[in-house]
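I opened my notebook to record, entry by entry, what I looked up in this structure.

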Amino acid sequence: MYLLTAIACRAHLRVCKHLRMTIASGSVLSARHCAQAGHARNTLRWDLSPDEIRTMTDSLIARVKKVYDDVGSLNIENVSVENTLMTLANAKMDYASSHHVLAFPQYVCPSKELRSASTEADKRLSELDVEINMREDVFKRITALQNKQKDNLSAEEKRFLDRLVTLGQRKGLHLSKDIQEEIKRTSKLISELSIEFNKNLNEESKFLIFSEHELGGLAATFLSGLDKTAEGRYKVTLEYPHYYPLMKRCHNPETRRKMEMAFNSRCKEVNTAILEELIQLRAKVARLLGYGSHAEYVLEINMAKNASNVSDFLEKFHEALKPVGIKERKYILALKKRECLMKGYQFDEKINAWDLPYYMNQVEQRKFAVDKDKLIEYFPLDVVTEGLFGIYQELLGLTFTEVEQADVWHENVKLYSARDTETGEEIGQFYLDLHPREGKYGHAGCFGLQPGCGGPDGKRRLPVAAMVANFTKPRKDCPSLLQHHEVETYFHEFGHVMHEICSNTAFSEFSGTMVETDFVEVPSQMLENWVWEKEPLRRMSRHYKDGTPIPDELLDKLIASRVANTGLMNLRQVVLSKVDQSLHTSPRADTAEVFAKHCQDILGIPATPGTNMTASFSHLAGGYDGQYYSYLWSEVYSMDIFFSRFKKEGIMNPKVGKEYRRVILEAGGSVDGMDMVKTFLGRAPCQDAFFQCKGLVNSQEASM
């Protein structure tokens, strides 16, 4: 449920927050300079060769550098909105509209050669990003314009100008040349290491081999989808569609132990070294800029503002969850003891990391009688997609149409056009890439590919996004079937897609998900609620064989199970959030030791010796460094929005849905997150719905 959704969600803030924040969200139009020509359509190409990627990267770097050289050489007395602010805005949009088509293939392209070329392009562009953000000559002209133009700007122009000044100050452009150069060198190394960290994970292809006996408890449909060795044994990869079903259903504790050990040892040696170097480098930059820690630096421009507020928030939530977690662990330990006695296993009197998913699944079955084997049969991917599309279209006033013979990067990828239902105007396009393959990004996420903002010719650019997931592949005798938590992930990531394509801002800097990091999950988390409501669930489900609906009894049990394991699920999120804060409030750290300590202290379950989960914790190298708390923080607002407006006024109420699209989605980052929430709610946000949804009794005003 929440844990999978939250962890899987990083493609979206950054896997790719790294890509998202290096400059807006973007991609290349055709192969040339369409951004400069003001093209409004999606003419993205995915048949690029490695040489074309290198050539386009060279061209982009030259174009952007020239613009910054031109602005940097302006007579300070002559700076204007047109020759400085709008010139930089157009350059940023060109960069945003080019960077992603060059960097995105490393996550999805079937060709390893192309993935490598894309990774190298990303590294070069990340270096460029550091350079242009460290241009003191350009910064002086921006500050001069800010002093000169105080009252003659639109609200978004003023916000953009203020943002440029703030970012310049946060890059140390007010400091000495020596310090600036040190920050620049270190920042380039941070970018390079972050890309390398995620490349290592994307290229991970390890699998384990088990006999049928060792896979006892797994459904025949699962086993039939596995490749076999020449000796007839089964190959089980560490990809989500293999790992999670096995960890939840396999009766054999030794099999689960081997899988958990392998899963949390992915890229252990190389990525542990990278992460621990990143922690030191980030702390160094923060220190040079005058901040007490990297966390203090990144939080300054978030809703939370500082590490103290984050710590208070996490501690309050932790305290509320403690008694629930103790009760749940006691129940799970009793289940384990009983099963060990029945099956002749040795009972070690503790819950191990490889026990947790298995017995949490049993809790759902025993306490809520949710038959997962039966439930999955009602969620074929095509039916879920049809229902999801219908719900989003009805709520937001949109119409989706598949684009025939679209240019895509793999034969299983589909492209869709989204139009406003009332006007018929095309507002955006999105790709769906939903099945695993070798070398592909291993989680679920949304990648912004082209910003939805004004162009140099005054026309709105057509935003484009891609949803990437790893749902089970269809087979000859069976379609792709989703677990309910995968349906929830689908709704979550598609919420990010809608945030991207509904965007209608003046500047690429504020397009789509370019909001505060601790607000970016709000729209997608809010839309997860539809997979826990009876009417939407009926619309997205049918039995894959005969088309019959989910029986009422099974549906009621599923909905009631939302609070199953709520203590341990959310304590796990507290662990990850506190690990992140600990790592980024320290000058250096032993990452495995920090993770193990928090697991034991908070979750009450030890990390497996010899593993290091943080080596595959892509958020820490993909833009959530010091900000993983955002998943829990955002839920305060997403739950308040859902229960106060949609649940109260009708979960399929198009009037509320269109207001949500206008106030929250279209605005992107052109308005502060808190102001958007207050406008939509008509009041300040409150934590009541957040605690109630978690099954906790707590009612207090949000102090954020």
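Where is the place of F379? I found F379 in the loop between α18 (372–376) and α19 (381–396), with helices taken as DSSP runs (H or I, at least four residues) numbered from the N terminus.

I noted that this is a predicted model, in which local features need pLDDT of at least 70 and side-chain atom pairs count only at pLDDT 80 or more, while totals for chains, interfaces and linings use all residues. Residues are numbered from 1 along each chain as its sequence is written, and side-chain values use heavy atoms, with hydrogens and water left out.

I then looked up burial: F379 counts as buried because its relative accessibility is 0%, where buried means under 20% relative accessible area with a 1.4 Å probe, protein chains only. Not counting residues up to four places away in sequence, F379 touches several residues, including V384, S480, L482 and I550, a contact being heavy atoms within 4.5 Å. I also recorded that F379 and S480 are 101 residues apart in sequence and 8.5 Å apart in space, C-alpha to C-alpha.

Next I turned to Y490, which is in contact with V384 and L482, among others, leaving aside its neighbours within four places in sequence.

My last entry concerns N612, which I located in the loop between α25 (591–603) and α26 (630–649). N612 counts as buried because its relative accessibility is 2%, and its side chain makes a polar contact with the side chain of T272 at 3.0 Å, that is, a pair of N or O atoms within 3.5 Å, of which, within protein, one must be able to donate a hydrogen and the other to accept it, and residues adjacent in sequence count only if both atoms are side-chain atoms.

Terms used:
Helix = DSSP H or I, 4+ residues; strand = E, 2+ residues; numbered from the N terminus. Buried < 20%, exposed > 50% of the residue type's maximum accessible area, 1.4 Å probe, protein only.
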